[in-house]
Each structure stands twice: as structure tokens, then as C-alpha cells.
Amino acid sequence: MIRDSQYDVIVIGAGHAGCEAALTAARMGMATCMFTMNLDTIAQMSCNPAIGGLAKGHLVREIDALGGEMAKNTDRAGIQFRMLNRSKGPAVWSLRAQADRVLYRLSMRKALESQKNLSIKQALIEKIIVEDGEVMGVSTSLGIFYGARAVIVTTGTFLKGLIHIGLDNYPSGRAGEFPSVGLSDSLRELGLKMGRLKTGTPPRLDAHTIDFSKTAPQYGDEPPLPFSYSTERITNPQLPCYITYTNSETHRIIRENLDRSPLYSGRIKSIGPRYCPSVEDKVVRFSERERHQVFLEPEGLDTKEYYANGISTSLPYDVQVRLVRSIPGLEEAEIMRPAYAIEYDFVYPTQVKHSLETKGVKGLFLAGQINGTSGYEEAAAQGLMAGINAALKIKGEAPLVLGRHEAYTGVLIDDLVTKGTNEPYRMFTSRAEYRLLLRHDNADSRLMEKGYRIGLLDESSYKRFCEKKKLMGRESSRLKSTRLKPSVINGALVALNTAPIKEDAALEQLLKRPEVGYDFIKRFSPPEKPLSEDVCREIEIQIKYNGYILRQIETAEKLKRMDEKRIPEGIDYSSISGLSKEIVLKLEEVRPANIGQASRVPGVTPAAISLLLVAIEKGRRAVKS
């Protein structure tokens, strides 16, 4: 074996997880090398040309608050920005952006290539080299060894990837790219239990052949709200998306060809994403529905390729043509790239710690779809945390573990390592118990201190955050202390259909009313200095929802106390009297780090937790005596 360079951290894969992991490790001072099978597909948007969305937008803001790159890169490449769920409460507002695919990829590559401490190499990694249970490095298909103190695997759908179009299939990691076979075998040899998952994409269409007059345009927000706290404004031209629908003819074509679908003919045996099903799956499972929405999303500013979001399929090409042309506006549409499904290997994530380090091999970290997730944002959040914790491990410091009350990223990782998954995991706001604490607007308040403390957040971003905190504190105090007389405000209150006041009222009390917004308050009592829209919005939310927020903080404190009760690493669950065999097996599989995590393991009862607490306390007393 030929020996080449020695690094602190090696990252395998250059998708969304790999890019964040590599940038993070390098920014934290680690000599880092990122390996990719193709330098031209770094940060490729393999599926839809969009970042964010429900709960996913929260993840992107958290990545930014900790010092990651995805939000900044989206702002550089974004061609439409929309805040979703505006009609609902602020806990579920989520930003979503369409991105220029080429610009996104090139912009991220530029960030990577200009990053100090980071090398990028094109090579096929075939094997993880481990000695005495500790990672030593990797070897390539050419027999070259690269040493490392930590290795982060972010392989996406490439591990033994198999593409299906109708009843035809062929090995591939992504359309037009080779799969990774040897690395999958290497992970199995290390004792990792692996399974198979499936995902897919819709066809891409030629805009010249689409009749947009038969569709409904959907425009973004104006002005567009950036993802990153450091972006002052979006400079790219903004483009609309277009909405159309499937119909009874589309559904007839699909039903008549189910025998040619690998999903329904038994060719695909792995489990696909429940919340992003193929169009044939939707037609079968929701047979009562007369139509399904199709979003036509532009792939970029300088291309006429459109992504047909909503008709992901693995049906044969001739059927794809017919079903596409049955949809209004697409009667003459030409397919530029056919839809396909892909099966790939993943690692059952209960074998991973909260730090994303594997339990069986020291220094080996996993992030992204290899842990059973779907989506760019889930992958990037894991990549960021794996990069952070690989760097902290090398520095001899404790890992950074985000609690469920601190971040959606914390919810994501805790769900994976505690509950596991046997289907592609997708983040939703409903997965978080403390959504009012984990809002889109306050990711900086929750996480920027942590990002700065570990050396990931740059000085200028931290200074802006500190200044914002100061302004918010000053304005919150002013709203508490400033009072308005009935004679000044009552006429305007009545005009808002809210009750007049009988005596002087603090601005804060007025702002708590559902009908009263911060803009209304400013008309009668403006702040000393003009405040940015995001500061005003966050102050208003904090005041309006203060009671609910305090209640969630109390509940979160109880969870925190449970998470602080550590479980001894070598505890023998089978020796604890009263625990059923089933619960012992579940606890042995997950090996929870603390009581809080143990209580979230599926099937572990409150009675079992009580027995576990007693056993731990007895063990402590025995050690003391």
C-alpha cells in the first residue's frame, strides 16, 4: 500500500453533509481532506433545486447560527424566497428558497477551495483502516493510504446504489455516476449493521415545451428574506414557480402500468420516504383524491430545465412521457432527464452516539443519508455536528451535544440515535416538543454563543449578534416602562376592533393583544434608534407568546435534569431485577447515555425507568462504600 498524506480529519463524500463537515473541521483548526468521486459534482443538488421548507428551514438557520455554510450559500444562489406558514403561529414559520443548481454548486466549491486547512481530492475510498478499535485512515481504489485521526463518512445514496427506471436497473450512486461498493463492504466488516432504503426524483422538463399559461404562477416574498444572519440583501434576480395538477387521466395511466413499476412488481424491496412518496404511491394510497399538486420549479437563471416536483416516479420512460403529457400545461412537454428511483445502503443509526461517532469504532463518524435521513438540510446539520465533534475529539474536549429544547438539530440527532429508523427520516415541526422555543427567528439567540465558544463563528458575526442582543434588551425594557394615556391611544384601538384602555397602559401590555402589532406601537412611540425587521419581529413574538414560552422553558428544564442523570457505560441491564427481556434488549441495542435518552427509547416504560434509577443509585452507593 502506498502511503500519502496524514490529516487530522478525513471526510468521505462532498454532498451537503460532506461540505459542512469539511468546512467545520478546517475552520476549527484541523488539517482536513475531503474526498469525492467527482470534483465537478461537489454540493450537487441531486433532487429538487430548493433549500429549506417546513422545519428544514429551521435547520438551515441553526447551521448558520453555529457557523456553517448552507444558509450563506443559499443566499448567494437563491432565486426565490418564501416564508411558509405565515397564516399560522410563529413556531411553525419556515423559510424556503429555490436555488440556481449550478450557482449553488460553484459557490460552495469556491468556499471550500478558499478555506484554510482544507484539501480536496478526487478518489474512490474503498476501505476504512482501523487498528485496535480506532480509526487510522482510509485507502483508495488505487491502493493509496491516507492517515487520519478521525474519519467522517457522508456517502449519501452512493453505498451500493442501484437505480430503477421501470423494470430496468443498473448500479449507480446518482444518475450518471458510479456507486461505492467497497466502502459499504468495509463498513460491514467493521461490525456495523446495515440496511437498504429507497428514494427517487421526478422528471426534469424543457421549459420551451411547457405552456405556462395553463398553470398558476407562485411568486416569492418581496423583498426576499435571506437565510443567513450575515446576508444584508439578496442580489440575484427572482423567478416564479408554477403550479399545475394531475387528473383522472394521469391516474388512469399510472394504474394501468403498475405492473411495470419496480415498486409494485417487487423489484424494489427497500422502504421509501413516507412523506415524499412517488406519484404511483400517491395514486394507490390516496385513491379518493381527484388530483395531486405539481410544482414546476426552475433549475436556475441560465437554464430552461424545470423540476416537476410532485411526480417523482420509477415507472418506465414511455409511461413517464404519457403521464407528464396528461397534465395541464405539459401536453407537449419534453423530458430532459427521466425520473428514477434509487436503492442504497445505510447504517442503522442506533449504532451512533449523539456526537455522531460510531459506538464500535473510535474516531469514525457518520453523517447524512448514511444515518437514514432524507433531505439536504438534515444531511448538512449532521455534517456540521460531525465536523464539530471530530475536531473536539482530536482537541481532547467534550463533544457538543444539542438538547431537544435547544435546536431542531438536537431533535434530529436524538431521534436517530435513540429511536432509530427503518425508513428515510424527514424533519417536521411536529417532531419537536418545544417548537415555541425553537423558532426560525431566534436560532441566533439559541446557538451563536455555542458557535463562537467552539471557534466556529467568526468575530464579525458574533459582534453583530451581541449588538442585536443589546438592542433587543434595551427595546424590551422601553416597552415595559413606557406608558400611553387613553386619550392618545383609544381612538386607534377602537379602529383595530380591540377594547379601549381605561388608564395608562404599558406598551408591552398593549402589544400582548392579538390585534396589536409592533408597527402599530411604533406609530405612537417609536424606539430611539430604528430597529431592523428581524429585531422587531422577535421582540413582538417574545412578548405576545411570553406565557407559553415560559411554560415550555419549565418543561424543558425537567427534560434537562433527566438528561443530566448519566447511565454508567458498562451497566449490565440484564442484572436489573424487574426489567423484561424485551426492554433489556432495547436498552442493550441503544446503550442510552442518560436517563432522559433511556426514557425516549421506544418501548421503555416509566416503570422500567424507575427500576433503572434505583439500580444506578444502588451502584453509586456500592462504589462509595
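I started with tyrosine 462, which counts as buried because its relative accessibility is 13% (buried is under 20% relative accessible area, exposed over 50%, partly exposed in between, with a 1.4 Å probe and protein chains only).

Housekeeping: this is a predicted model, where local features need pLDDT of at least 70, side-chain atom pairs count only at pLDDT 80 or more, and totals for chains, interfaces and linings use all residues. Residues are numbered from 1 along each chain as its sequence is written, and side-chain values use heavy atoms, with hydrogens and water left out.

Next I looked up helix H13, residues 459–481. Helices (H or I, at least four residues) and strands (E, at least two) are DSSP runs numbered from the N terminus. H13 has 23 residues and reaches 33 Å from first C-alpha to last, close to the 33 Å expected at 1.5 Å a residue (1.5 Å times one less than the number of residues). Its buried residues are Ser461, Tyr462, Phe465, Lys468, Met472, Glu475, Arg478 and Leu479.

Then I searched the whole structure for aromatic pairs and got seven. Rings of Phe, Tyr and Trp (its six-membered ring) pair if their centres lie within 6.5 Å; planes under 30 degrees apart are stacked, over 60 edge-to-face, the rest tilted. Tyrosine 452 and tyrosine 462 are stacked, 3.7 Å centre to centre with 5° between the planes. That pair joins helix H12 to helix H13, ten residues apart. Tyrosine 452 counts as partly exposed, because its relative accessibility is 28%.

I also noted a cluster of Phe212, Tyr242 and Tyr306, linked by ring pairs.
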